[in-house]
Amino acid sequence: MKIAFLGLGAIGAPMASHLARSPFELTVWNRTGAKADAFAREHGVRAAASPAEAVRGVEVILTCLPSSREVESILDGDDGMQAGIESGAMLIDCTSGDPATSRRIANRLQQRNIDFVDAPVSGGVKGAVNGTLTVMCGGSQSAVDRAKPVLQAFGSKIIRCGDVGAGDAVKAMNQALLAIHIWSAGEALAALAKLGVDASVALEVINGSSGRSNTSENLFPERVLGRKYPRTFKLALLDKDVGIAKQIVDESGMDSPFIELAAKLFTEAHADLGEEADHVEAVRVIEKRAGVRVS
Ligand code: NDP
């Protein structure tokens, strides 16, 4: 089966590398063409010069771009996916997108008999390299069933969350929880540092107690204690994700002070640290505000 993967970023590239090793016949496209050419040379697959060329004659197309906005933007124009995509194909969008735009894209494609599944992933670059990502899908049961054999190349847990947009919504809420864990753990360690408690001691206690999380067990020991922030997942993208979560709760009309505050804090941290900072570097903003170094 012919497949295409568009968007060879920090997580897209390791996901696509599993597909390159699968029995599928893979074509890749990336906005910066040099990256697609290098990937194609390394993995012995084809690089396309445009989204239209990448998807022509292809049965299953995967996208992994910063947000739904970029996915929608590469649909249009002479070189866009719509110019090459064929009736009966399917688009699996692995972007952490927003439900409303995913539904709009799905409606546009449905008119041409093209299935759409939103399929954002979780597990980080490490999970993508190891092929152990969790994939949360939104789409009809039959579309998700059709997407599964492709998603299994890089995902070990593939879950249908509901109709189109449901995968995006679950992902956004997961990200809001991640943001809240990072900020609350950062504040806790900053307050303890002011009392003279070493961060490694505090984490040893917390990780044997009920306040622990993936953030305290993995992210903080790896990044905050060593003050090394590898740029695996940009703070800018987490800001975008928590913004989607805020949009979802705002539209539901419910009061959600935690998510509202997380969205505000991560937008401020993003503005403070810029486009290239890693998500865990938000702790540096907490340190600056508290006037203390956590470790
Ligand atoms: P990166 O910033 O590393 O890569 C972004 C990709 O999108 C690049 O291929 C980039 O191309 C391309 N791109 C950016 N803008 C445009 C545009 N206007 N038109 C076409 N292509 C564009 O992001 P990640 O790979 O980290 O993230 C991708 C998605 O996966 C995001 O939605 C993110 O939230 C999600 N995600 C990321 C995780 C991670 O650990 N990194 C974990 C889970 C989900 P170019 O090379 O030209 O810049």
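Analyst: Start with one contact in this predicted model. An oxygen atom of the ligand lies 3.0 Å from an N or O atom in the side chain of R31. The backbone takes part too. A polar backbone atom of A10 is 2.8 Å from an oxygen atom of the ligand. At T232, a polar backbone atom is 2.7 Å from a nitrogen atom of the ligand. On its own, the ligand has 910 Å² of accessible area, and the protein covers 87% of that.

Now the shell. There are 27 residues around the ligand. N30, T32, K35, T232 and K234 come nearest. By class, the shell has twelve nonpolar, nine polar and six charged residues. Two helices, α7 (124-130) and α12 (235-252), each supply at least two residues of this shell.

The ligand takes up the space of the largest pocket. The volume of this pocket is about 1,500 Å³. Its lining counts 49 residues. Closest to the pocket centre are I11, T232, F233, K234 and L237.

Several elements give two or more residues to the lining: α4 (68-73), β7 (121-122), α7, α9 (166-194), α11 (214-224) and α12. Both α7 and α12 also supply the ligand shell.

Note on methods: Residues are numbered from 1 along each chain as its sequence is written. This is a predicted model: local features need pLDDT of at least 70, side-chain atom pairs count only at pLDDT 80 or more; totals for chains, interfaces and linings use all residues. Side-chain values use heavy atoms; hydrogens and water are left out. A residue is near a molecule or strand if one of its heavy atoms lies within 4 Å of it. A polar contact is a pair of N or O atoms within 3.5 Å; within protein, one must be able to donate a hydrogen and the other to accept it, and residues adjacent in sequence count only if both atoms are side-chain atoms. Accessible areas come from the Shrake-Rupley method with a 1.4 Å probe; for residues, only the protein chains shown count as cover. On a 1 Å grid over the protein atoms alone, a cavity is a set of points where a 1.4 Å probe fits but cannot get out, and a pocket is an open set with protein on both sides within 12 Å along at least five of seven lines; lining residues have an atom within 4 Å of a point. A molecule sits in a cavity or pocket if more than half of its atoms lie within 2 Å of its grid points. Helices (H or I, at least four residues) and strands (E, at least two) are DSSP runs, numbered from the N terminus. Ala, Val, Leu, Ile, Met, Phe, Trp, Tyr, Cys and Pro count as nonpolar, Asp, Glu, Lys and Arg as charged, and the others, Gly among them, as polar. Grid points are joined across faces, edges and corners, and a volume is the space filled by probe spheres set on the points.
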